[in-house]
Amino acid sequence: QVQVAEFGGGLVQAGGSLSLVCAASGAIFRTMGWYRQAPGKQRELVADITRDGSINYADPVKGRFTISRDIAQNTAYLHMYGLKPEDTAVYYCTCKSLADHDYWGQGTQVTVSE
């Protein structure tokens, strides 16, 4: 059974930093990544990383967020720096298996205050 869980959300002041952890189990994952959804907005890609280390960042977070991955531990990390109020959202971890099935975590709230 595949399980995906996120950890590390919280409240931070603008300009601050926060790190998220995604722990997955039950499959081998081709890609692990992060999406976010702000109130009233569609879910959007933040960043993702493949098994061979290829990384993709959304334009709004380039230069401020860093994604990394521990393949052996099936864990992905999102380090967020220079946070802005517009980064406030529920952040979801997503994992794509080798069979191209997508799995999602329950999400973790990130709130950036002025």
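**Cysteines and nonpolar core**

C95 counts as buried, because its relative accessibility is 0%. The structure is a predicted model.

- The cysteine sulfur closest to that of C95 belongs to C93, at 4.0 Å.

**Disulfide**

- A search of the whole structure finds 1 disulfide.
- The disulfide is formed by C22 and C93, whose sulfur atoms lie 2.0 Å apart.
- The link of C22 and C93 is left-handed, with -75 degrees about the S-S bond.
- Both C22 and C93 are buried.
- In general terms, a disulfide is a covalent bond that joins the sulfur atoms of two cysteines.

**Nonpolar core**

- The largest nonpolar core comprises 27 residues.
- Within this core, W34, L78, M80 and Y91 have the most contacts.
- At least two core residues come from each of strand 3 (18-25), strand 4 (29-37), strand 5 (44-50), strand 7 (65-70), strand 8 (75-80), strand 9 (89-97) and strand 11 (108-113).

**Surroundings of Y91**

- Leaving aside residues up to four places away in sequence, Y91 touches W34, L78 and M80, among others.
- Further contacts of Y91 include L20, V46, F65 and V110.
- Y91 also touches E6, Y35, R36, G107 and T108.

Notes:
Residues numbered from 1 in each chain as written. Predicted model: local features only at pLDDT ≥ 70, side-chain atom pairs only at ≥ 80, totals over all residues. Heavy atoms only, no water. Core = buried A, V, L, I, M, F, W, Y, C linked by side-chain atoms within 4.5 Å. Buried < 20%, exposed > 50% of the residue type's maximum accessible area, 1.4 Å probe, protein only. Helix = DSSP H or I, 4+ residues; strand = E, 2+ residues; numbered from the N terminus. Contact = heavy atoms within 4.5 Å. Disulfide = S-S within 2.5 Å.
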